[in-house]
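Subject: Structure handover and notes

Dear colleague,

I am passing on the structure below, together with some notes on what was found in it. Please keep it open while you read, and look up each residue as it comes along.

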Number of protein chains: 2
Amino acid sequence: MTTLYNDPAEFAEDQLLGFADLYADRLRAVPGGVVAHRGPEPIVAVVVGGGSGHYPAFAGLVGPGFASGAVVGNIFTSPSAAQVYSVAKAADQGRGVILTFGNYAGDVMNFGIAAERLRREGIDTRVVLVTDDVASSPVEEQRRGIAGDFTVFKALGAAAAAGAGIDEVERIGRAANAATRSFGVAFSGCTMPGATEPLFTVPHRHMGVGLGIHGEPGIRDEPLMPARDLARLLVDGILSARPEPSDAAPTRGTGASRVAAIVNGLGTTKYEELFLLWNEIRPLLDAAGLTPVEPEVGELVTSLDMGGCSLTLMWLDEELETTWRADAYAPGYRKQAAPLSELRPVDPGALDTAEAAAPEPSAAGAGLAPLVIAGLRELQRTLHENEAELGRIDAVAGDGDHGRGMVKGIDGAIRAVDALGDAGFGPGWVLRSAGRAWAADAGGTSGVLWGAGLEAAGDALTDTRERYDADAVSEAVGAFVDAILELGRAEIGDKTLVDAMVPFRDALNAGIEAGSGAARAWAAAAEVATDAARETAALTPKKGRARPLAEKSVGTPDAGATSFGLMVTALGALAAR
Amino acid sequence: MTTLYNDPAEFAEDQLLGFADLYADRLRAVPGGVVAHRGPEPIVAVVVGGGSGHYPAFAGLVGPGFASGAVVGNIFTSPSAAQVYSVAKAADQGRGVILTFGNYAGDVMNFGIAAERLRREGIDTRVVLVTDDVASSPVEEQRRGIAGDFTVFKALGAAAAAGAGIDEVERIGRAANAATRSFGVAFSGCTMPGATEPLFTVPHRHMGVGLGIHGEPGIRDEPLMPARDLARLLVDGILSARPEPSDAAPTRGTGASRVAAIVNGLGTTKYEELFLLWNEIRPLLDAAGLTPVEPEVGELVTSLDMGGCSLTLMWLDEELETTWRADAYAPGYRKQAAPLSELRPVDPGALDTAEAAAPEPSAAGAGLAPLVIAGLRELQRTLHENEAELGRIDAVAGDGDHGRGMVKGIDGAIRAVDALGDAGFGPGWVLRSAGRAWAADAGGTSGVLWGAGLEAAGDALTDTRERYDADAVSEAVGAFVDAILELGRAEIGDKTLVDAMVPFRDALNAGIEAGSGAARAWAAAAEVATDAARETAALTPKKGRARPLAEKSVGTPDAGATSFGLMVTALGALAAR
């Protein structure tokens, strides 16, 4: 809905004040609208206009290379003839005025009256109507103007900026309109400032095919469809009304296979959605033998907060292509070829994002690698066996996906290890490969933490030690713990795997220092971890931590701590065998 | 809601394909995101990123003068460390990499892991966090990154583009973040692709003050307020957390009175609304002694189709102002000082939109003018007397405002005539002045038509005839009728004033040709018009004309035709006296 205003009746004037303040470097407010600052040479004035609520149409299109002035009516309401007259008079530079606007009864009347008045004062004034909406009428001249406003205004503005005379500018504008076709759909209505209900509605989960930018009736309602089907609907709709050659535009439609293309969003429909739609439209144009030239995808002619989009094509001859590619620098549309001319794409061959090769392992390292892989397979077995139970525990306080995430992580790690093949590698390389794959496949925070922990353990272990003793195990576990503490930022008592992991590390180190040997120290530490995990059930989670439902988990052990306890226990049992 | 997609799970990838196709002139897709094409000289690579759904953040900010690469995660989800690594590796030009992103746990983890990996490969990698959202925490370092992403990324991109070394670029980026503050409000939630319900909601007719761009909790809910009150809330919110000088930015906050300013729209909130809000914010900044420098108002960091906006200020020293004003040419943000440098505003003194002076009337013209004015006063009396009845008739088929509109029109016309004063003028000038005022004040189609008709009648009558005879009356009425037929495009039988007006003209002309004299011919024609207006009750309005409820009006005379009949009758009676 439209939310920001003071007095709804003053919306159009108030927003124009802010707009004119922001863009005082290239335009100024005059009674009825805005006019562009002038360049060194006088040019034909192209004055665009219509109601407010369509930004960047119409005031946002005023600037070098585009319109010389915009008449700004109330929301969705034609400006008065007096407003048109006032803006045109201020925009005129002595070379005549083109008044151009979408074909709506109110605009036709008011711009028409103003044109008469200007002519009576000796200002050569021409009118160029935009009639691009193929859904609005089978008769070309009776069609409404929608996003095709943009191609026609730009052709006029570029021709004027290039210094053409008024006959020439008018001729190019008419040719642009004759070569332009649009077809659109609406997903939802829009709300006028001050209103609590939308101006019109579209049936739920439906779209209005051919519905106008002020809610004018369309052709029919259809259920919402996937983007690829909508792309076909829009392309087919335009191609079925493809322009025919005419006296005004002798080459249009036939022969010309190059087209200017616009995918226009009406307001609520997001740029990402429009990019996605373009990805579906592009191959359909290719298949129809049409080459899109510098396509524009975005909000160019909007309708307040209406949902929907349209496709516009302008069939190009050489002259229209020149106007379409020309530079322009308006508040709502800026195009400059120059900043791009010196750029060079990165050579795909030079995009070396591959990993470095595995370092040559020491004999001890090569010997340890198969044991590490066996350990990972044991983890895989343990996690698959406990997936459902871990999910059940997690569901009390979280979204219940802990078991699933851990299984996805270890499965990815095992795939990565299997992919290492038979080339020589050490235990550090195995753990790094496993950790990266775990993080990529598991998703979620615990996946990232486990991946980072395994990678850090591998880095600490290295592949080239002369011997891998209890100290090496201690260092690897220490690196694992440090990585998770640093990245996860959780502390003991937060009800996370940290509650089991830190006591495990401390018990392991104490056992090793006491001379128990790595395997015995590990098994004892695993018991400590399991107990600690169980004890998380008694903890009240700290306030402000990541889990929104954590207060419900009092009385339930933490799933992350539980899975940690299960895994170190399984590895301890493996080492004992 | 989010409407355009194929498989919701593939939304982020699909939209990126369309995006990369559209902007192949300045960037290319790589695994994990996009990288900019390279200029002639290698520069420090500034790699931005985060989840999708925030366009133009983050991919839309890649291009000359801005980011060298963007990592693109799933919607509202951190990219993986592998994605960050891949994009940074491709963006690196041998001068090091800056990773920069908003302060969210997932991003901190994944970008952090990637930074470690890049450093291990010998790539000098720095991390610059954005922490601008003053609503998210009292502690600077713990704040979230929202629209301040834009000022910090731009400072980094501009410094890198200027050729600075990595230490310098990092220092400027940190200074930019230390000098940036944002505060925002949300009006409505957003809908993920494939979802039928919004991700979160804001209570009806309320706004979430300080609510985050993914729906993170804010400070409080408040009822919607006028734009001027919201402006104060936002400005006060930022000023209360104004930056203090620090080691990283010794001059920030104090002393510096120049600020970069952004009014950012979250998605559904329209540009016009943001301009209107800027018009309220600007004077508050002035009052606080802050000079906004090249403010940006628009969609820079969005949240799918969320409604809401935020204000961002970056306190400028000379160095930061240079980066803020620098050119940039990314898909979602283009700024080039050059096209504006040669422009000059139109001199307000030269904006002569005043009317030409009244021509000197002939003796006959000067004599007729008072009678024309008397006629207009008679119309005023008649319309006031019948306002309610005309409204009642109009309400059957239309919106019931015909009587009100006609009264507003004639009152405006009389005011204009009164304003002419005592200077000499003829009947043509009186009618032209009255017509223009009528069109401006009445509003609606009938106001424009009556205004144009009177103006045309005045033009036909002129002020300088030697005598004003019956033929002059016929010519004036003919011009009145022609103007309305041409502008209104209605035909006889459409249930409009045309149904009474055309028979009136024809009867008048027939009477004058038969030698009845103007007054008698007029009175007879007025009876014809009144009968014709009454007969419109029997007409079925033609399909497809302007009146949406016209079918209900069968059996009711047309209000426009009725008022025409009333007026010509009153003028006839006046002439007979």
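In which sense do strand S3 (residues 45-52) of chain B and S5(B) pair, and over how many bridges? The two strands pair in the parallel sense, over four bridges, where strands count as paired if DSSP finds at least two bridges between them. Helices (H or I, at least four residues) and strands (E, at least two) are DSSP runs, numbered from the N terminus.

Before going further, please note that this is a predicted model, in which local features need pLDDT of at least 70 and side-chain atom pairs count only at pLDDT 80 or more, while totals for chains, interfaces and linings use all residues. Residues are numbered from 1 along each chain as its sequence is written, chains are lettered from A and ligands numbered from 1 in the order in which they are written, and side-chain values use heavy atoms, with hydrogens and water left out.

**Strand S5 of chain B**

Strand S5 of chain B, residues 97-102, is mostly covered, since six of its six residues are buried; buried means under 20% relative accessible area, exposed means over 50%, and partly exposed lies in between (1.4 Å probe, protein chains only). B:Val97, B:Leu99 and B:Phe101 point one way from this strand, whereas B:Ile98, B:Thr100 and B:Gly102 point the other way. Between S5(B) and S6(B) the chain passes through helix H3 (residues 105-120) of chain B, a β-α-β crossover that is right-handed, meaning that, with the strands pointing away from the viewer, the path from the first strand over the helix to the second runs clockwise.

**Sheets and domains of chain A**

In chain A, six strands form an open sheet with mixed pairing, in the order S1-S2-S4-S3-S5-S6. Its edge strands are S1 (27-30) and S6 (125-130) of chain A, each of which pairs on one side only. S5 (residues 97-102) of chain A pairs with S6(A) in the parallel sense over six bridges, and A:Phe101 has A:Leu129 as its bridge partner in S6(A).

Elsewhere in chain A, strand S7 (residues 180-188) and strand S8 (residues 206-209) pair in the antiparallel sense over two bridges, with A:Gly208 in S8(A) as the bridge partner of A:Ala186. S8(A) is in turn joined by four bridges to strand S9 (residues 220-223) of chain A, and these two run antiparallel.

Chain A is divided into domain 1 (8-338) and domain 2 (363-576), with bounds that come from an automatic or database domain assignment. The C-alpha centres of these two domains of chain A lie 60 Å apart.

**Helices that cross**

The axes of helix H3 (residues 105-120) of chain A and helix H12 (residues 444-461) of chain B come within 10 Å and cross at roughly 20°; axes are lines fitted to C-alpha atoms, for helices over the stretch in contact, and angles run from 0 to 180 degrees between N-to-C directions. H3(A) is therefore roughly parallel to H12(B), as angles under 35 degrees count as roughly parallel, over 145 as roughly antiparallel, 65 to 115 as roughly perpendicular and the rest as oblique.

Within chain B, the axes of helix H15 (residues 518-535) and helix H16 (residues 559-576) come within 8 Å and cross at roughly 160°, so H15(B) is roughly antiparallel to H16(B).

**Backbone details to look up**

A cis peptide bond, with omega about 5°, joins A:Tyr55 and A:Pro56, and A:Pro56 lies in the loop between strand S3 (45-52) and strand S4 (69-75) of chain A. The peptide bond from A:Ala57 to A:Phe58 is also cis, with omega near 5°.

B:Phe76 has a positive phi, near 55°, although this residue is not a glycine. B:Phe76 sits in the loop between strand S4 (69-75) and helix H2 (81-91) of chain B, and counts as buried because its relative accessible area is 17%.

Best wishes
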